[in-house]
Amino acid sequence: MKLDQYEKELVSIAEEIVYYLMRSGISKDDGMDVTQDVLVKMLESNFVLPREKIRSWMYRVAIRNYIDSYRRGKNTRKSCNRNFFVKG
């Protein structure tokens with residue numbers, strides 16, 4: 001399967017985002033999961049961004065997705081601690 005230039009550029013940016021997230025302290029697996037979600041969202045979307053806006057859009061969505069997943073995980077841990085580990 002050959003990727004056209006647009007898809008190659010998206011994959012290249014996705015690799016940059018994984019590296020950026022890892023430098024920010026996120027595990028490689030989490031960074032790859034978040035970036036994969038962004039890449040799929042971009043490929044499945046009905047819009048095509050101009051080349052000069054693709055990178056910033058993907059970074060912004062990746063960071064927001066990670067923050068959302070972190071918050072969900074944090075809330076889940078709090079509820080587990082509160083509901084299951086309460087001394088009674």
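View 1. Asp29, Asp30, Asp33 and Asp37 together form a negative surface patch. The model shown here and in the other views is predicted. Asp30, one of the residues of this patch, belongs to helix α2, which covers residues 28-44. With a relative accessibility of 36%, Asp30 is classed as partly exposed, because a residue is buried only under 20% and exposed only over 50%.

View 2. Ser27 sits in the loop between α1 (5-23) and α2. The side chain of Ser27 comes to 3.2 Å from the backbone nitrogen of Asp30, and Asp30 is a residue of helix α2. The relative accessible area of Ser27 is 37%, so Ser27 is partly exposed.

**View 3. Thr35 inside helix α2.** Thr35 is a residue of helix α2. Why is Thr35 counted as buried? Its relative accessibility is 3%, and the class "buried" applies to values under 20%. The side chain of Thr35 reaches the backbone oxygen of Gly31, at 2.7 Å.

**View 4. A salt bridge between Arg51 and Glu9.** The side chains of Arg51 and Glu9 form a salt bridge, with 2.3 Å from N to O. This pair links distant parts of the chain, since Arg51 is in helix α3 (residues 51-84) and Glu9 is in helix α1, 42 residues apart. Both partners are partly exposed: the relative accessible area is 45% for Arg51 and the relative accessibility is 22% for Glu9.

**View 5. A salt bridge between Arg55 and Glu16.** Here the side chains of Arg55 and Glu16 meet in a salt bridge, at 3.0 Å from N to O. Arg55 lies in helix α3 and Glu16 in helix α1, so that this pair, too, links distant parts of the chain, 39 residues apart. Arg55 is partly exposed at 39% relative accessibility, and Glu16 is partly exposed at 29%. How many salt bridges does the whole structure hold? A search finds two.

**View 6. The whole chain, for orientation.** Of its 88 residues, 25% count as buried.

Technical notes. Residues are numbered from 1 along each chain as its sequence is written. This is a predicted model: local features need pLDDT of at least 70, side-chain atom pairs count only at pLDDT 80 or more; totals for chains, interfaces and linings use all residues. Side-chain values use heavy atoms; hydrogens and water are left out. Patches are made of residues with over 30% relative accessible area and no salt bridge: like charges are joined within 9 Å, nonpolar side chains (Val, Leu, Ile, Met, Phe, Trp, Tyr) within 5 Å. Accessible areas come from the Shrake-Rupley method with a 1.4 Å probe; for residues, only the protein chains shown count as cover. A salt bridge is a side-chain nitrogen of Lys or Arg within 4 Å of a carboxyl oxygen of Asp or Glu. Lys and Arg count as positive and Asp and Glu as negative; His and the chain ends are not counted. The place of a charge is taken as NZ of Lys, CZ of Arg, CG of Asp or CD of Glu. Helices (H or I, at least four residues) and strands (E, at least two) are DSSP runs, numbered from the N terminus. Buried means under 20% relative accessible area, exposed over 50%, partly exposed in between (1.4 Å probe, protein chains only). A polar contact is a pair of N or O atoms within 3.5 Å; within protein, one must be able to donate a hydrogen and the other to accept it, and residues adjacent in sequence count only if both atoms are side-chain atoms.
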